[in-house]
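This report goes through one protein model part by part. Please look over the sequence and the structure before reading on.

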Amino acid sequence: MELMDLIKNRRSIRKYTNEQISREALEKILEAGACAPNAGGGQRSMIIGIRNKELTTKIGIMNMEKFDRSKLLGGYVSKEQPSVIDDTTIKNGFYGAPSVAMIFCQNNFAFRIADAFCCAENMVLQATELEISSCIISRGEETFASEEGQALLRQWEVPENYSAVCFVILGYIDGEQPHAKPQKQDRVKIIE
């Protein structure tokens, strides 16, 4: 599949089967993230992959513990693939995905968010090519704000001056591929 086809076929998936992705697939997805553009070529991000459904579920629940709905700007994402914004009963911010890639970046670095989301975009495109479903999830810093979260970071040897920015959840879609939302007009302009 050509790059533009991958871009057009990628969807944010929030319904997963229990089938685990292969270690080889996860390694390839993480490699794509590590090859992403990064500010000044500094490679200040750190990516940790988890292929453990129990641990992924635990972290997904931690991701929702401090979720503040009052800060939402919109109230609807998808009927086919409901978000935590659409359904207040969802308690796992990773939607039952069996694997996750976590992107950590150096604190107080001006381009940490840009670096993290470049990594995430590379990973979801690589996942799409491998026919693995994915979705980028935010709320990174809040996820590990508890003592339990900090203990996990120490266990994984995440440097103290790093914090989570975002996640890429990974697995196989439960159900049909959702339709593409129509592209809004006048979002792209060329000035000559």
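## The largest pocket

H1 and helix H4 (112-129) each give at least two residues to the lining of the largest pocket. Helices here are DSSP runs of H or I with at least four residues, strands are DSSP runs of E with at least two, and both are numbered from the N terminus. The largest pocket has a volume of about 670 Å³. It is lined by 21 residues, and those closest to its centre are Arg10, Arg11, Ala180, Lys181 and Gln183.

A pocket is found on a 1 Å grid over the protein atoms alone: it is an open set of points with protein on both sides within 12 Å along at least five of seven lines, whereas a cavity is a set of points where a 1.4 Å probe fits but cannot get out. Lining residues have an atom within 4 Å of a point. Grid points are joined across faces, edges and corners, and the volume is the space filled by probe spheres set on the points. Rolling a probe the size of a water molecule over the atoms shows where empty space is left.

## How the model is read

This is a predicted model, in which local features need pLDDT of at least 70 and side-chain atom pairs count only at pLDDT 80 or more, while totals for chains, interfaces and linings use all residues. Residues are numbered from 1 along each chain as its sequence is written, and side-chain values use heavy atoms, with hydrogens and water left out.

## A nonpolar patch

Leu3, Met4 and Ile7 make a nonpolar surface patch of about 300 Å². Patch residues have over 30% relative accessible area and no salt bridge; like charges are joined within 9 Å, and nonpolar side chains (Val, Leu, Ile, Met, Phe, Trp, Tyr) within 5 Å. The areas come from the Shrake-Rupley method with a 1.4 Å probe, and for residues only the protein chains shown count as cover.

Leu3 is part of helix H1 (residues 3-9). Leu3 counts as exposed because its relative accessibility is 53%. The classes are buried (under 20% relative accessible area), exposed (over 50%) and partly exposed (in between), with a 1.4 Å probe and protein chains only.

## Aromatic pairs

There are five aromatic pairs in the structure. Rings of Phe, Tyr and Trp (its six-membered ring) pair if their centres lie within 6.5 Å; planes under 30 degrees apart are stacked, those over 60 are edge-to-face and the rest are tilted. Phe104 and Phe144 form a tilted pair, with 5.8 Å from centre to centre and 40° between the planes. Phe104 lies in strand S2 (residues 99-106) and Phe144 in the loop between helix H5 (140-143) and helix H6 (147-155), so this pair ties together parts that are 40 residues apart in sequence. Phe104 is buried at 0% relative accessibility, and Phe144 is buried at 2%.

Phe144 also pairs edge-to-face with Trp156, at 5.9 Å centre to centre and 85° between the planes. Trp156 lies in the loop between H6 and strand S4 (162-171), twelve residues from Phe144. Trp156 counts as buried, at 16% relative accessibility. Ring pairs join Phe94, Phe104, Phe144, Trp156 and Phe167 into a cluster.

## Salt bridges

Side chains of opposite charge can pair when their charged atoms come close. Which residues form such pairs here? The structure has four salt bridges (a side-chain nitrogen of Lys or Arg within 4 Å of a carboxyl oxygen of Asp or Glu). One of them joins Arg23 and Glu27, whose closest N and O atoms are 3.0 Å apart. These two residues are separated by about one helical turn, because they are four residues apart in helix H2 (residues 23-34). Arg23 is exposed at 53% relative accessibility, and Glu27 is partly exposed at 42%.

Another salt bridge is formed by Glu148 and Lys58, at 3.1 Å from N to O. Glu148 lies in helix H6 and Lys58 in helix H3, so the pair ties together parts that are 90 residues apart in sequence. Both are partly exposed: Glu148 at 40% relative accessibility and Lys58 at 35%. Glu147 forms a salt bridge with Arg154, with 2.7 Å between the closest N and O atoms. Glu147 is exposed, with a relative accessible area of 56%, and Arg154 is exposed at 51%.

## Distances along the chain and in space

Gly140 belongs to helix H5 and is buried, at 2% relative accessible area.

Thr89 and Asn161 are 72 residues apart in sequence, and their C-alpha atoms are 34 Å apart in space. Thr89 sits in the loop between helix H3 (53-65) and S2. With a relative accessible area of 59%, Thr89 is exposed.
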